[in-house]
Amino acid sequence: MASITIHSSSTVVPSHPTPTGAFSFSECDQYRAWTHLPSVYVYKSPAAEVVAVESLKTSLSQILVPYYPLAGRLHWLPGGRLELDCCAAGTLFVEASTDAKLEDYGDFAPSDAVRELVPSVDYNSPIEELPLLLFQVTRFSCGGVVIGVANCHTVVDGASAITFINSWASMARGEKTVETILQPLHDRKFLMPEKPLRPPRFDHVEFTKPPPVILGTSNPEEAKQETTSALLKLTKEQIEKLKKRANSNVTNQTMGVGDEVQPRPYSRFEAITGHMWVCACKARNTGESRQPTIVRTPIDVRRRMKPPIPENFSGNSSFVVLTPECEFGELISQPLSYAAGKVREGTWKMTGEYAQSVVDYLAGQDDINWLRTSFHSKVPVQASFWGNPNLSIGSWMSLPFYEADFGWGRPSYFGPATLNIDGKSYIMVGPSDDGSLIVAIRLQTRHMDDFKKYFYEDI
């Protein structure tokens, strides 16, 4: 891959004075990895003169006024918790170029080469010195441009980050002003613990250790296995086949509802996630049909809370749930409706009451470090290994990535620059409006070809 030349690196601060002082996080923010999620927006052949870096920096400076927490810095509190110093220290903005063409990067599947299109973060530096947002604009020899983004997961989740990016893009292209964008709501009062703190009302198994491989290597050895990433496209027709298959051989009992209830058909997410789970079991083929396995997935609780959290909320608002523990043999031998039903059992558990119980559980932890995972950084974490024989699958199907038009058209692709851990996956909306989806997944290299084979078999 061609080298990347850095032309400038500067700090962009809010264009006007902003509120200062300490900002408290919710428990939903606290247990997030404090590292940065790297992603890329790929734009094919915009006219070079249209990509006005100074205009991008000016609009970024302006939008950091309402989004002032993103220009702050983190600092540690006792028990591994964090606090935000709203100090207007700013975001990092890098301008770069490369002799490569966009086509040299193939489909932009997560890789070390794609990661170089996003600013790197020196995690050996004190946390008080690390920007929460970093951007890199890289011009390609073919006229294409990639905007690499790294955002600190403690401060924003996917939905909040995309709202910020799209608002910034609308200002950069002159459609919106800082007064007319959707104004962010930074108050974390929606996901705070009960006062006085009461014990959680549910058994939060999502914070227990996942099942390990019962034959062969230990979890530490599994975590050292060579891994690779892939992007797998699903057309609308293929998705409909999976949904139809998932909704065959279904009874009210398999959907977990009584006979008096008309069950809702399995969704795209339930069908695809169930299919991926079965394919992973087949590809991993441990030789033990009784090998236990689970799927971990984050659920956005904004609409599940009572009252719902406003759409302009700028913080983290998702909690992790687990499917019931299943065995390789039963998942492989049963129809797809079985796996889809187990996915539903996990996701439907996340009600507003359950989410509040998670908040209270987290607030009751003297030290929160052991709960943090990082699927997008090589920074060591204390949390459990979530790879083989398990999966961690996130839904990015409803996030409007392709509204990020900075003035030279919609992106031709958006996706993660890194998936650092075996078993990590996102189901993402595709760039075209044809109902297709893209699955980004990282697996052990020895399992990937078989996974692809089973993934597309009979669809």
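**Notebook: a helix pair and a strand with two partners**

I began with the contact between two helices, where Ser55, Leu56, Ser59, Leu60, Gln62 and Ile63 in α2 meet Phe164, Ser167, Trp168, Met171 and Ala172 in α4. I note here that the model is a predicted one.

Next I looked up the geometry of the pair: the axes of α2, residues 53-63, and α4, residues 158-172, come within 9 Å and cross at roughly 125 degrees. Angles from 65 to 115 degrees count as roughly perpendicular and those over 145 as roughly antiparallel, and α2 and α4 are therefore oblique to each other. I also recorded the hand of the crossing of α2 and α4, which is right-handed.

From Gly158 to Gly430 I noted a separation of 272 residues in sequence and of 16 Å in space, taken C-alpha to C-alpha.

I then turned to strand β17, residues 437-444, and asked myself how many of its residues are buried. The strand is mostly covered, and the count came to eight of its eight residues.

For the partners of β17, I found that β9, residues 227-234, pairs with it in the antiparallel sense over eight bridges, and that Leu232 stands opposite Val439 of β17. Strand β16, residues 424-429, also runs antiparallel to β17 and is joined to it by five bridges; here I wrote down Ser425, whose bridge partner in β17 is Ile441.

How values were computed. Residues are numbered from 1 along each chain as its sequence is written. This is a predicted model: local features need pLDDT of at least 70, side-chain atom pairs count only at pLDDT 80 or more; totals for chains, interfaces and linings use all residues. Side-chain values use heavy atoms; hydrogens and water are left out. Axes are lines fitted to C-alpha atoms, for helices over the stretch in contact, and angles run from 0 to 180 degrees between N-to-C directions. Helices (H or I, at least four residues) and strands (E, at least two) are DSSP runs, numbered from the N terminus. Angles under 35 degrees count as roughly parallel, over 145 as roughly antiparallel, 65 to 115 as roughly perpendicular and the rest as oblique. A crossing is left-handed if the near helix is turned anticlockwise from the far one by less than a right angle, and right-handed if clockwise. Contact means heavy atoms within 4.5 Å. Buried means under 20% relative accessible area, exposed over 50%, partly exposed in between (1.4 Å probe, protein chains only). Two strands pair if DSSP finds at least two bridges between them.
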